[in-house]
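Here is a short briefing on one chain. Look over the sequence and the fold before reading the points below.

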Amino acid sequence: MDKRNPQCRPLFDLDEVLSWKPDKDPFCVAGISRRPRKILDNPKILVCHDMHGGYLEDRLVQGCGRPGSYRFYHWQIIDTFVYFSHYFVTIPPPSWTNAAHRHGVKILGTVITEWDDGKARCAKILESEASYKQFADQLVKIAEYYRFDGWLINIENAIESSDAVERLRGFVGYLTTVQHQSCSESEVIWYDSVLNSGKLDWQNALNAGNQIFFDACDGIFLNYCWTEEHLLESKKNALECNRPFDVYVGIDVFGRGCPGGGGFNTVETLTAARKHNLSAAIFAHSWVYDKLDVKQFTENEDKFWQLLGHLCSPCCYTSLPLSTTFCQGFGERFFDNGMPVGNPWFNMSVQQLQPCFIQSHGKSASVEQNKNQSRIQIPRASVTSEQNPGIVDGESQPEMGVCTDDSFIGGSCLRLTADIGNSQFVKYSLFSLDVQLKQYSSVYVSFTYKILQDPDCDIFYELHLQHDAQSIVLVLLPFPDGDKPVPIFGKDMACMYVHAIPTTSLPKLLSVSTPQQNNTRWRTRWFPVHSLYLKFCRLTSVKVGMTTTDPQPKKCIALLGDFKLISVESLPSEFPAVVLDSVTPDLTSSYPLIDEACNNYNKEDQVPAPESVNWGVDASGNAITIPYDKLDSMRVSCHTLQDFRPGIGGQLCQVLYQLITSLDCFTLKWKSDNPDTVDHYRIYQIKIDSGVAKLMGHVLQPIFKVTWFEIPDYERNESVHHFKFVVRPVLKCGVVVPLDYAYCKLFQVASRKDSPVIVTDSYPGMLETEQGKQTAETGKDSKMVEKQSKDTNTLENLSEKLLDDQDLGKGCFPKGRESEKPNLETEQCTAGEENLVHDVCKKDECDSENVESTSGARANSDIENLTQKLQISDS
């Protein structure tokens with residue numbers, strides 16, 4: 001599958017860079033704009049990612065099925081991220097750019113020249129002013145096209161003439177200038193290597209030898225073998241230029257020549273840099289993954305960054321919307337509204353905004369480490385008894401960590417754990433903000449959570465506001481007044497307790513997209529922020545607390561699955577419509593973006609092809625094997641499945657997915673009428689026999705390569721396969737377009753080995769293209785088209801029936817029919833699953849006691865006919 005998955009790659013030589021043109025590989029373009037942060041006048045943290053030469057699982061643009069792949073999620077305490085490799089021009093994979101930008105972090109590519117090959121390359125680049133400007137212009141165009149934020153320049157070979165040195169300085173200065181013209185907040189960083197004499201000699205300091213390059217760009221990345229004297233010299237020279245924070249003290253986490261020896265002792269090295277108020281460049285932080293037990297990666301990664309946390313400046317976001325499901329971009333399953341769907345996955349492009357773990361109540365604080373459990377600890381000292389007299393005083397520390405066993409949306413969520421009893425509560429800080437609310441006309445807050453173990457436990461949220469010298473707290477309560485212990489604030493802090501509102505009181509887009517209750521126990525609540533606070537106040541932080549009425553102290557566990565802080569201005573007037581533009585076949589037997597004959601590119605990662613592939617067993621239980629070299633000439637059809645996998649009801653095993661992938665794939669490309677509102681898209685295949693939606697993947701650009709799919713069970717034509725797909729937008733404000741034919745169009749594709757086409761669909765509002773018309777008019781595959789028309793007419797009739805049924809109260813309604821929504825109680829409207837339109841709840845899955853027995857019987861009857869609803873499933 002990975003060979004057919006779109007991949008990103010570096011550029012290997014100068015000719016390739018100079019001949020590069022945009023629009024060459026749209027899959028590799030990042031889709032997230034960098035989130036604004038508050039600019040702090042503090043030393044900065046740059047992280048340089050060097051792991052096994054780069055371009056590992058992260059090179060797979062649409063993600064992969066390896067949830068144990070390396071990930072980074074402590075974005076909140078770094079400022080710049082460099083994707084590094086030893087290839088000539090390193091282009092960051094879009095997954096890293098998207099994850100960094102989602103958290104407001106700048107991301108840089110790398111230009112590196114080394115050894116004799118690098119010397120020859122530099123000679124060509126520096127032949128003349130015209131040659132280095134041509135090269136720099138190409139670098140700027142590459143960064144602009146792939147949407148990253150600049151370059152680390154690493155020249156690690158001697159420059160042989162003084163004229164070439166002067167042109168090298170000119171190149172660095174020119175690149176910095178044109179890069180800033182392209183992106184005003186971009187950066188060009190120089191690595192401490194070549195001197196003004198042209199000699200390759202690492203200085204470990206900012207001094208007269210490398211000052212000319214520092215003056216020409218945005219900063220210098222010092223080599224790692226520095227001493228106290230080197231830092232003093234660097235600070236002195238930086239202050240003379242009035243650029244104290246543009247010197248990045250190099251820190252090698254592997255400890256190669258670096259004071260402190262690296263590893264968890266990196267805290268000592270960073271402390272030395274902070275002593276002189278210098279920025280730091282942390283190199284090869286993947287040491288945690290490379291050298292320690294991968295199974296303990298999360299615990300070790302948290303430990304590493306917790307040790308550094310008090311030396312870093314946590315980020316502060318300055319705009320709305322603020323929306324997250326807390327997912328870290330991986331999972332053993334993908335959860336959709338609490339329901340497990342999909343297979344194991346890894347895709348950092350859809351990693352969600354992570355909270356400021358190391359920050360507590362707006363103050364930077366060191367994080368205590370529990371030796372036994374290695375989880376994120378909330379420091380006891382940060383929760384003062386004067387402000388919160390109800391805080392638990394027991395010895396056990398509250399914990400906030402990642403949960404991968406359950407999730408509301410994605411592959412993980414936040415887990416809160418604390419030992420609390422009656423009249424006690426604990427609080428955790430989530431986000432630091434500096435948002436002027438007067439720019440918004442209306443703001444809504446929602447959160448989704450689940451309580452484990454203690455049924456008497458519940459949660460509350462706090463929004464901390466500031467108006468001049470007055471502090472104000474809005475406490476968002478999902479339970480009635482007096483039902484649970486809550487914070488009581490003194491005279492110096494005004495407080496207002498806010499209760500949930502029904503979804504019928506929300507704007508239409510929020511109302512129809514709000515999940516409804518299912519049996520997963522996830523609850524969703526919505527709260528308004530009063531206009532008075534919007535007019536005068538500044539939002540400074542978001543906190544969450546746990547409380548209980550249980551008289552005996554016990555462990556309380558809550559899962560946080562979703563948080564949204566949405567301004568009405570961030571909502572589009574209606575859900576963006578997606579229109580399929582084209583479908584293009586891929587006839588290649590593999591996807592070789594890198595010439596292995598010329599480059600030793602991840603050669604150790606290539607798995608030799610087997611002689612044969614096991615395709616399960618036959619009806620007698622005998623193993624069936626197929627020669628590997630025959631796969632490309634084979635067709636997989638319904639007959640093949642029946643012959644090779646009898647009795648499985650069309651449920652395809654993983655090996656069969658891979659075999660299908662080696663036979664057929666094609667690219668779907670679509671257009672959105674309001675793309676600026678879309679964060680990313682989820683792509684589903686719809687099972688034609690049941691209407692079940694199978695999640696296939698996520699993309700941020702409107703293009704998806706179908707590298708696996710399920711073949712319809714009833715398809716009898718061995719030369720044509722018939723597929724249905726749905727593209728479901730997820731908005732930047734976190735709102736997910738309902739998975740329903742009223743909002744998500746159904747696209748149908750008829751695929752031959754060499755010519756997939758879009759097929760006309762007679763369902764009202766469905767896509768109809770000239771290609772589809774031509775397919776019908778030519779009469780080709782007339783039986784298939786006739787069958788298609790019959791199927792879609794059935795869908796049309798069923799949909800009309802469901803739309804006209806007034807008793808199907810829950811869910812989203814098409815435009816013009818909002819008045820038909822029943823006025824449900826808050827508990828029903830705001831709790832649970834994001835239900836799909838026209839879906840009928842089973843009686844035992846609904847909390848309402850008002851459902852008539854006849855409605856329940858009809859609901860069960862409707863569910864038996866699975867073609868009447870569109871549901872998500874992993875089956």
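Predicted model: local features only at pLDDT ≥ 70, side-chain atom pairs only at ≥ 80, totals over all residues.

Residues are numbered from 1 along each chain as its sequence is written, and side-chain values use heavy atoms, with hydrogens and water left out.

**Whole chain**

- The chain has 18 helices and 38 strands. Both are DSSP runs numbered from the N terminus: helices are H or I with at least four residues, strands are E with at least two.
- Of the 875 residues, 61% are buried. Buried means under 20% relative accessible area, exposed means over 50%, and partly exposed lies in between (1.4 Å probe, protein chains only).
- Take the contacts between residues at least 6 apart in sequence: 77% of them join residues at least 24 apart. Contact means heavy atoms within 4.5 Å.

**Helix 4 against helix 5**

- Helix 4 (residues 129-146) packs on helix 5 (residues 162-182) at about 35°, with the axes 9 Å apart. Axes are lines fitted to C-alpha atoms, for helices over the stretch in contact; angles run from 0 to 180 degrees between N-to-C directions.
- The crossing of the two helices is right-handed. That term applies if the near helix is turned clockwise from the far one by less than a right angle, and left-handed if anticlockwise.
- On the helix 4 side, the residues in contact include Tyr132, Phe135, Leu139, Val140 and Ala143. Helix 5 meets them with residues including Arg167, Phe171, Tyr174, Leu175 and Val178.
- By class, this contact has 10 nonpolar, 3 polar and 5 charged residues. Ala, Val, Leu, Ile, Met, Phe, Trp, Tyr, Cys and Pro count as nonpolar, Asp, Glu, Lys and Arg as charged, and the others, Gly among them, as polar.

**Helix 5 and its cover**

- The 21 residues of helix 5 should span 30 Å at 1.5 Å a residue, and its end C-alpha atoms are 30 Å apart, which agrees. The expected span is 1.5 Å times one less than the number of residues.
- Buried residues of helix 5 include Ala164, Leu168, Phe171, Leu175 and Gln179.
- Their cover includes helix 4, strand 5 (150-156), strand 6 and helix 6.

**Phe135**

- Phe135 is in helix 4. Phe135 is buried, at 2% relative accessible area.
- Its C-alpha atom is 8.7 Å from that of Phe171, 36 residues away along the chain.
- Leaving out residues up to four places away in sequence, Phe135 touches Leu14, Val17, Leu18, Phe88, Val111, Ile125 and Phe171.

**Asparagines in loops**

- Asn204 lies in the loop between strand 6 (187-191) and helix 6 (211-216). Its phi is near 60°, a positive value in a residue other than glycine. Asn204 is buried, at 9% relative accessibility.
- Asn223 lies in the loop between strand 7 (219-221) and helix 7 (228-240), and is buried at 10%.
- The side chains of Asn223 and Asn204 form a polar contact of 2.9 Å. A polar contact is a pair of N or O atoms within 3.5 Å; within protein, one must be able to donate a hydrogen and the other to accept it, and residues adjacent in sequence count only if both atoms are side-chain atoms.
- Asn277 also has a positive phi, about 60°, but is partly exposed at 37%.

**A cis peptide**

- The peptide bond from Leu320 to Pro321 is cis, with omega near 5°.
- Pro321 lies in the loop between helix 10 (297-309) and strand 10 (322-324).
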